[in-house]
Each structure stands twice: as C-alpha cells, then as structure tokens.
There are 2 protein chains.
Amino acid sequence: MADEVVLHSYFRSSASWRVRIALAYKGIQYETKPVHLVKAEQKGAEYKEHNPMCQVPTLHIDGLRLTQSLPIIEYLDETRQGYKLLPEDPAQRFQVRRLAEIINSGIQPVQNLSVLQRLAEVTGDADTKAAWGREWITRGFDALEFEMSSTAGVYSVGDSVSMADLALVPQVYNANRFKVDMAKYPTISRVNEACIKLPEFKAADPTAQPDCPDELK
Amino acid sequence: MADEVVLHSYFRSSASWRVRIALAYKGIQYETKPVHLVKAEQKGAEYKEHNPMCQVPTLHIDGLRLTQSLPIIEYLDETRQGYKLLPEDPAQRFQVRRLAEIINSGIQPVQNLSVLQRLAEVTGDADTKAAWGREWITRGFDALEFEMSSTAGVYSVGDSVSMADLALVPQVYNANRFKVDMAKYPTISRVNEACIKLPEFKAADPTAQPDCPDELK
C-alpha cells in the first residue's frame, strides 16, 4: 500500500478491537491515532469529521473513510488476499454473521459507554450502570451460548477463526468488567481462551495499544 | 422451493420489516406467523426455541433457522438470483453496509421495545421512554444524514434500492412515532418517500401484515 493506513482507536473499545484483529489477520500495517472516549474526545469537532456517530473506530484506507466495525471487516475481507475472516459457504457465512450481530447489535450498543453515561444522567444514579450492563450482556450471552453450542468447534464457527471470534473476545472482556457469571457459558469461555492465545489477538489486545495506561498493562 | 418458508414476524418490528422487504425483492412466498411483542409472546418458551434472543424475526428457509435481520438479508442475497440488494463493487457494498449498521446497531437497539420497557422500570417513570427514543434516533439520524448526503442518489446509495433502504424505511417510521423533527433530514426524508412508493416496500408495510390491527390500517 502506497497510502498510509490510519486507525482512530481507543484501547478498550470493542469495535476498535475487532478491527485491530482483522488488520492483524490481513497483515496490514497502520498508524494508531488514539481517541480518548472517557475524556469525550470522540465528541470533539475535529474527530466528528472522521466519524459523525462520534464513535471509534474510523479506518482510513484506500482513500476511504471507513466506520462501523463489521462493514469494515467485510470490506477488508473482500478486498484483501490472505486469511479469510468469512467462510465460503453461504450457510456458514450466515452463522458467522449471526453470532457477530448478536454481539454487535444485540449486546454491545445497549451497554456501551455513551448509553451508560446517559442512563446515569436520566436515573440520577451512577450505580444503575453496572447492573444494566451486566443484565444485557447476560441476556445476550444466554442466546450466544445456545447458538454457539451447535456452531462451535475450536472457534465460534467450526475450527477456523472468523469474524464471529473478532466480536466475541472484546465482548467477553466487557462481560468480565461487568462481573457477568461466565461459569454459565462454557462454550463462549472455551472459544475465548483459544482465541486469546493467537498472535493476531495478542497484537490487538488493549494492553498492546499505545494508549493503554501503564497501570493496566 | 419445495419446503415451506415461514417468517415469525411482528407487523411493526423494524427487523421483521427489513426481512419482509428482502423477501418481496427475491419473490419468495412465505407464511407469516405473528409474534405479538407487546403481549410478550417473544419471551414464551415456545418462541424462544426459534429465537433465543427473544426477538423477531426468525426465518425458516432451506432447512435453516435464521435470525438477525442483516445476516438474513445477506444470506438471501448470496443464495438467490434476481434483484441484488448489495452492489458488486466492494466500496459500494461497504457504503450500503455502513448505512444499514448505523441503523441496525447504532440506533435501533437503543430504542427498541425491550430497552424502553426496562428503562421505564429502572427509572420508575414511563415518560422517560419517549424522550430517550427521540434522543437516540436524533443522534443517529444526524450522522446518517451526513453520510447519505454523499452516498444517496434516488435511494440511499446511488440509484438502486439496497439493503441500506431496507433498514432506512422502518427507522423513519419509528422516528415519526417518536416525533423526531424530520425537517432536519432532507436526504433521509427524500429517499424514504421514494422507497415507500415501490411495490416491494408496500407489500412489506406494517399495514399490509396479517397481524396489523384493523384500526391501524
């Protein structure tokens, strides 16, 4: 690639993390530009030009400004050779996309930082955030565990890493932050353990990012 | 198709509506099995076997049990001839998927019925629901209008109906229910008006469904 690839990212944003894993699998070198979500940098006028939803990630590549993690991953998979993050067979592709969407639209949006912050304002009680997050992740993981019990091999769908795994690992990290009882989810837990050993997942881990605070490394 | 196609659907569920439009574009005949969300039928043990997320739609087709609207639409587009709901060019496909995801993961999950019901319980104030829904749709439509101002032709991306339009029309319907100020969104409004004139969108409209109450027709 002649053009420089730039990823606007936050070290523990789920959606940024998914895209970082995809970039690692595709062997794409990129510059990370950190956007500090807790300091609300994503709402600043400068960043909003990259991402009008005020979310991370934004990926600049091929002269395009890409946002929304799953469409970014599909784009990378369609335009790059090498490791394929979606299988060839339509029914298998469906299973990958379904698992990814249970997380991407069914769980993460309801427990993300901006919703939790707004919830605390509406209720006037910051303590509602933890219970709310735990509740929605639990609902979603109940369904995800059910679906994965018939699709999973070593990884979420069969024995090859797919886009479903890219969604899974950051969501398990969030589940642990929200103290979800992971003992209820043996398939999810087993697949997560298998993924996090892989070099592409290690490279994308929050602790490996330039904006990760030293005390969390 | 030798096997009968069955869609578990609720007449004004956004996700069901998207899939109904896709089925109309693909010319697939199907039986509708209504699931009454306000009566909480989606949480019953019988329906949960179809959809462990307790959501509509579920589509039974090709011997598969399909859930999650965008993966269902991608599956239909990959396995059926005829009208293509995603364009061929990867950059155009990306644009379609991005617009669909701004709605599918960025707006709809935060204002859907189950989240609003839980919000009312947490706040102890049912009046919070309308303002919450309006606020999140407005945030999302601000971004969607910005993106569509550079992608839209007659429809959301160029001059052909795509998966982005299937997501757009039900979300505009919700925006109107939540009394969002649509005058701020000329591109969204124009594309919506163009779509709802089309026979495939008319066939999928809530008022054309067997579970639509007579007083709403």
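**Where the chains meet**

Mentor: In this predicted model, the contact between the chains takes 34 residues from chain B and 34 residues from chain A (C-beta atoms, placed from the backbone, within 7 Å). On the side of chain B that touches chain A, at least two residues each come from strand S4 (64-67), helix H3 (69-79), helix H4 (90-104), helix H5 (113-123) and helix H6 (128-151) of chain B (DSSP runs numbered from the N terminus: H or I, at least four residues, for helices; E, at least two, for strands). H4(B) gives the most there, with nine residues. That side of chain B divides into 18 nonpolar, eight polar and eight charged residues (Ala, Val, Leu, Ile, Met, Phe, Trp, Tyr, Cys and Pro are nonpolar; Asp, Glu, Lys and Arg charged; the others, Gly among them, polar).

Chain A is divided into domain 1 (6-83) and domain 2 (90-201), with bounds from an automatic or database assignment. The C-alpha centres of domain 1 and domain 2 of chain A lie 19 Å apart. Where these two domains of chain A touch, domain 1 puts in eleven residues and domain 2 puts in twelve. On the domain 1 side of that contact, helix H1 (14-25) and helix H3 (69-79) of chain A each supply at least two residues. H1(A) has the largest share of the domain 1 side, seven residues. By class, the domain 1 side that touches domain 2 in chain A has eight nonpolar, two polar and one charged residues.

Residues count from 1 along each chain as written, while chains are lettered from A and ligands numbered from 1 in written order. Local features need pLDDT of at least 70 and side-chain atom pairs 80 or more, but totals for chains, interfaces and linings use all residues.
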